[in-house]
Amino acid sequence: MAKKIAAGNWKMNGTSASLSELETLTKSHSTCDCAIVICPPAPLLFRAANLTQDSAINIGAQDCHTDQSGAFTGDVAAHMIADTGASYVIVGHSERREAYAERNRDVRNKAEAARDAGLTAIVCLGESLEDREADNTLDIIGGQLAGSVPNGATADTVVIAYEPIWAIGTGKVPTLDQIIQVHDFIRGELCARFGTETGNQISLLYGGSVKASNAAEIFKAKNVDGALVGGASLQASDFSPIIDALNTA
Ligand SMILES: O=C(CO)COP(=O)(O)O
């Protein structure tokens, strides 16, 4: 059985004042059947990790570099993220694939760097609207999965997030059948590549316009082990009911 995970991606939102949202979450979810992960902007990682130490909340970064050190101005290495006390890192988010031309090979290298630093990589996959309309969704997802996930992946080193690009921040959500089709496909590919035991243990998250009002419905789907939430993770009052929906799913 895969671990259930409620993950929040704050993207480029939040300052030290936002740590109060984390404090609220820590208090309202002192115990939890699922893993809760909050990924704030890099400058908040250290304080966020300190604040949530010994709580049910885990902290993650939103990206890492492939190398350990060097002349990469502005970049952050995976072991530096681990050094803040964070335990997860998102890699290959569609916003980075697009804005920074990250290819599958880059994403895989980042996921390997994360693994080597002791972090769990949340590897993001997702098709564009154009891909979906051309009926290429499974081809695209299959290619991203094969190219972005390192060999020897385990449930401790990799989590997969399926985020259709057209559903991110748009309020548009795929039908349950569309989510199920892609998640079943990903599960099958993982089992074929890593064996049934490991393939079934790797958590598969859905992301794209998840809100308190639709979370319970999405979590009903087989092979949906949780969510990667953007906008609705910024306020504890919006994210808490999503965590509760996952807990009771
Ligand atoms: O990109 C996302 C999470 O990584 C999803 O963002 P929204 O939940 O704001 O659609």
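Biologist: Let's start with the ligand. How many nonpolar, polar and charged residues does the shell around the ligand have?

Modeller: Happy to begin there, and bear in mind that this is a predicted model. The shell has 5 nonpolar, 8 polar and 1 charged residues. In total, 14 residues surround the ligand, and the closest are Asn9, Ile168, Gly207, Gly230 and Gly231.

Biologist: Which residues does the UniProt annotation "binding site" cover?

Modeller: That annotation, from an unreviewed entry, covers Asn9, Trp10, Lys11, Gly169, Ser209, Gly230 and Gly231. They span 223 residues in sequence, yet no two of their C-alpha atoms are more than 13.9 Å apart, so they gather at one spot.

Biologist: Why is Ser209 called buried?

Modeller: The cut-off for buried is 20 or more other C-beta atoms within 10 Å. Ser209 has 22 such neighbours, so Ser209 counts as buried. It is found in the loop between strand 7 (204–207) and helix 10 (212–219). Leaving aside neighbours within four places in sequence, Ser209 is in contact with Ala167, Thr170, Gly171, Lys172 and Val173.

Biologist: And what makes Gly230 buried?

Modeller: Gly230 has 22 other C-beta atoms within 10 Å, and is therefore buried. Its place is in the loop between strand 8 (226–229) and helix 11 (236–248). Beyond four places in sequence, Gly230 touches Asn9, Lys11, Ile168 and Gly169.

Biologist: Good, on to helix 7. How do you know that its span agrees with its number of residues?

Modeller: At 1.5 Å a residue, the 12 residues of helix 7 (residues 137–148) should span 16 Å, and the end C-alpha atoms are 16 Å apart, so the two agree.

Biologist: Which residues of helix 7 are buried, and what puts them on the same side?

Modeller: The buried ones are Thr137, Ile141, Gln144 and Ser148. They cover an arc of only 65 degrees around the axis, which puts them on the same side of helix 7. The face turned away from that buried side carries the exposed residues Asp139 and Ala146.

Technical notes: Residues numbered from 1 in each chain as written. Predicted model: local features only at pLDDT ≥ 70, side-chain atom pairs only at ≥ 80, totals over all residues. Near = placed C-beta within 6 Å. Nonpolar A, V, L, I, M, F, W, Y, C, P; charged D, E, K, R; others polar. Helix = DSSP H or I, 4+ residues; strand = E, 2+ residues; numbered from the N terminus. Expected span 1.5 Å × (residues − 1). Buried ≥ 20, exposed ≤ 12 C-beta atoms within 10 Å, placed from the backbone. Arc of directions from axis to C-beta. UniProt positions renumbered as here; feature names shortened; annotations may be inferred. Contact = placed C-beta atoms within 7 Å.
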